[in-house]
Amino acid sequence: MKNASVELDKLKAGFSSWLAIQIAHLRRSAERARAAPGDAAGIDALYRDSSEIRDVAAPMGLPLTGFVADYLCRVLDLTREQAIAYPDEIVQCHVDAIVLTTQAGYCGSLPSDQQELIDQLDRSYEHYCTLAGRNRATARDVQASAG
Amino acid sequence: MRNIKINLGELTFLIADSNSYSSAIAHSILRGFGANKVVEVRDARVAIQVLTEQRIDLMLCDPALPPVGGIEFIRTMRRNPNNPYRTLPVLILTGDTRISTVKQARDSGANMIVAKPISPAAVYERLAWVAFNPRKFVEADTYFGPDRRLPIEGPPEGRSDNDPAACESAGPTLSQSEIDSLLNFARNDPA
């Protein structure tokens, strides 16, 4: 197990440059989706960019970044399921939050360290779940049930 | 389960994931466990080529694998009775842990489903599970794959809350232990 952790640590050296490129892709995809909110392929591309960050950020030492990217994926899931119209404002907020979590002061934080940010994301997600007619648990619900 | 030692040095792994960094993470974890034969591919077409040309002992596959998706790729692989790698052990590594996706992954014939972001412990436990607790393959009209019921002792432990690599998903998505429990519940599903 220790050897595996050592191998993972070696990967971290190249992660910041990969993440910078990935965030640039994410921003471009968000701009394209804003310009053509009815284009399913564009929303799929945005989802793909976000999910790639979600899948790797935590093992590379950015769990909060992965957490926010996961939230963006879940918002986009609702859009992809055609439950709601493309929520440009909330997408932009999530993209900005992803960028924020990579910067000093947030970098390396756990979601539980940034409760205010998580609460804001929860409220946004709840709002869109309501618009979509869905009843879905938020991070706060999960934390409460775990406690 | 964590005390069991498995020798991965002689095995050849195939990682099928379009995300190069995610693939590199899986590769690093396997290398840390002693695996020195790991092949990475970015789409299903190349995966088929590799599977046809060399012996692969276990495949790790992402559900978003282009062009048709990893779940459909595995389903097709399992359903073809003439396929020489039809019974290849497959672990699906997925960041999309919505219950619908996990059920589709299970019903495609995957041996195990591991939630991304992956941790060394989660991967090791499931590799050990596949190695030491092989399940018989079931052939039915709508399914070919390992018996979706797990033995009574249940699946391996989920990710530890103290695991720094673990970032539990919220909302409609499932945790690793909930994903594992779906295999237990599968005993009530028609094959």
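I take a residue as partly exposed when its relative accessible area falls between the buried limit, under 20%, and the exposed limit, over 50%. By that scale A:Arg34, at 49%, is partly exposed. The model I am reading is a predicted one.

**Salt bridges**

I counted 23 salt bridges over all chains. In one of them A:Asp88 pairs with A:Arg34, with the closest N and O atoms 3.0 Å apart; since A:Asp88 lies in helix α5 of chain A and A:Arg34 in helix α2 of chain A, the pair ties together parts that are 54 residues apart in sequence.

I then looked up A:Asp44, whose side chain meets that of A:Arg80 in a salt bridge of 3.0 Å, N to O. This pair links helix α3 to helix α4 of chain A, and so ties together parts 36 residues apart in sequence. A:Asp44 is partly exposed at 31%, and A:Arg80 is partly exposed at 35%.

**Second largest pocket**

I noted a volume of about 510 Å³ for the second largest pocket and a lining of 26 residues, with A:Arg80 and B:Asp62 among those nearest its centre. Helix α3 of chain A gives the largest share of that lining, seven residues, and by class the lining has 13 charged, eight polar and five nonpolar residues.

**A:Asp49**

Which side chain of opposite charge is nearest to A:Asp49? I found A:Arg48, 5.4 Å away, so the buried A:Asp49 has no salt bridge, the cut-off being 4 Å.

Definitions and conventions: Residues numbered from 1 in each chain as written. Chains lettered and ligands numbered in written order. Predicted model: local features only at pLDDT ≥ 70, side-chain atom pairs only at ≥ 80, totals over all residues. Heavy atoms only, no water. 1 Å grid on protein atoms, 1.4 Å probe; cavity = no way out; pocket = protein on both sides within 12 Å on 5 of 7 lines; lining within 4 Å. Points joined across faces, edges and corners; volume = space filled by probe spheres on them. Helix = DSSP H or I, 4+ residues; strand = E, 2+ residues; numbered from the N terminus. Nonpolar A, V, L, I, M, F, W, Y, C, P; charged D, E, K, R; others polar. Buried < 20%, exposed > 50% of the residue type's maximum accessible area, 1.4 Å probe, protein only. Lys, Arg positive; Asp, Glu negative; His and termini not counted.
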